[in-house]
Each structure stands twice: as structure tokens, then as C-alpha cells.
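Keep the viewer open and follow along point by point.

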Amino acid sequence: VQLQASGGGLVQAGGSLRLSCAASESIFSINYMGWFRQAPGKRRELVAGFTGGGATNYTDSVNGRFTISRDNAKNTVSLQMNALKPEDTAVYYCYLLKYWIAYWGQGTQVTVSS
């Protein structure tokens with residue numbers, strides 16, 4: 001499975017960005033799909049995602065500001081990021097766990113200026 005991420009960029013604090021991840025195969029039956037991020041000098045962390053049952057989860061720092069959504073018809077998962085903060089600056093990676101095999105997208109840079 002190939003994952004193509006898009007939508008990163010530079011935005012001022014308080015602004016919004018929308019990330020999209022398009023999978024080359026169906027995402028109807030998955031174990032997990034979502035977004036991770038990695039800031040310079042820090043470990044990669046989970047941002048938000050969908051479980052196989054359709055439930056969503058978010059890391060505490062983005063709860064209430066970020067919204068993850070999926071479009072099964074387009075094999076796409078999106079992350080709407082509002083009220084961005086400088087600490088959200090990172091490379092964001094799309095992640096898919098399907099049939100218990102992990103796939104990563106190429107990463108897209110999000111930079112939030114203060």
C-alpha cells in the first residue's frame with residue numbers, strides 16, 4: 001500500500017491547515033489509520049487516528065483543535081488542524097495498519113510561526 005500525503009505548509013499561530021492522505025488501496029477494512037508527527041529532536045508521536053471499528057482518538061495536546069475524518073470512497077484520511085500553535089511544528093506522517101502490516105507516508109512539513 002502506498003500513502004500519499006499532502007497539505008503541509010507554513011502558517012501563523014492561530015491559523016489552520018488541512019492534511020490529506022490518499023491510500024493506493026481500500027481503507028474500508030483496516031486495523032488503524034491516522035497521523036503521527038515528529039518535531040526536531042523529539043520522538044515520533046501519534047496525533048490522531050481511526051481504529052478499525054471507526055472510533056477516533058487524539059493526543060491530548062490537539063484535542064478540540066484537530067479533527068480527523070475519512071472518506072472510504074476516496075481511500076482518504078484527512079486531518080483538519082485549527083488554532084495551530086508553534087509547538088505543532090513538525091513533520092506529519094500518515095500511517096496505516098492493514099492486516100497488521102504497517103505503512104508510512106512520506107511526511108509533510110507543518111511549520112507554525114509565532
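1. Start with the largest nonpolar core, which has 28 residues; M33, W35, V47, F66, L79, M81 and Y92 touch the most other members. A nonpolar core here is a set of buried Ala, Val, Leu, Ile, Met, Phe, Trp, Tyr and Cys residues joined through side-chain atoms within 4.5 Å. Buried means under 20% relative accessible area, exposed means over 50%, and partly exposed is in between (1.4 Å probe, protein chains only). As background, nonpolar side chains tend to be buried together in soluble globular proteins.

2. A word on what you're looking at: this is a predicted model, where local features need pLDDT of at least 70 and side-chain atom pairs count only at pLDDT 80 or more, while totals for chains, interfaces and linings use all residues. Residues are numbered from 1 along each chain as its sequence is written, and side-chain values use heavy atoms, with hydrogens and water left out.

3. Now pick out M81. Setting aside neighbours within four places in sequence, M81 is in contact (heavy atoms within 4.5 Å) with G15, S16, L17, L19, R65, F66, Y92 and V110. One of these, L17, is also the bridge partner of M81 in β8.

4. Strand β8 deserves a look of its own. Of its 6 residues, 5 are buried, so the strand is mostly covered. On one hand β8 runs antiparallel to β3, with 6 bridges joining them; on the other, 6 bridges join β8 to β7, again antiparallel. Strands count as paired if DSSP finds at least two bridges between them. In a regular strand, side chains alternate between the two faces of the sheet.

5. The phi of N75 is near 55 degrees, a positive value in a residue other than glycine. For context, most residues other than glycine have a negative phi. N75 counts as buried at 17% relative accessibility.

6. T76 lies in strand β8 and stands opposite D71. At 15% relative accessibility, T76 is buried. A polar atom of the T76 side chain lies 2.9 Å from the backbone oxygen of K74; a polar contact is a pair of N or O atoms within 3.5 Å, where within protein one must be able to donate a hydrogen and the other to accept it, and residues adjacent in sequence count only if both atoms are side-chain atoms. Beyond four places in sequence, T76 is in contact with S20, C21, A22, I27, S69, R70 and D71.

7. How many salt bridges turn up in the whole structure? The search finds 4, taking a salt bridge as a side-chain nitrogen of Lys or Arg within 4 Å of a carboxyl oxygen of Asp or Glu. One of them joins the side chains of E25 and K98, at 3.5 Å from N to O. E25 lies in the loop between β3 and β4 and K98 in strand β9, so the pair ties together parts 73 residues apart in sequence. E25 is partly exposed at 37% relative accessible area, whereas K98 is buried at 8%.

8. R37, E45, R65 and D88 are linked in a network of salt bridges. Within it, the closest N and O atoms of E45 and R37 are 2.7 Å apart; E45 is partly exposed at 33%, while R37 is buried at 5%. The salt bridge between R65 and D88 has its closest N and O atoms 2.8 Å apart. R65 lies in the loop between β6 (56-58) and β7, and D88 in the loop between β8 and β9, so this pair ties together parts 23 residues apart in sequence. R65 is buried at 11%, and D88 is buried at 1%.

9. Last stop: Y99, in the loop between β9 and β10 (101-104). Its phi is near 50 degrees, a positive value in a residue other than glycine. Is Y99 buried or exposed? At 63% relative accessibility, Y99 counts as exposed.

Technical notes:
Helix = DSSP H or I, 4+ residues; strand = E, 2+ residues; numbered from the N terminus.
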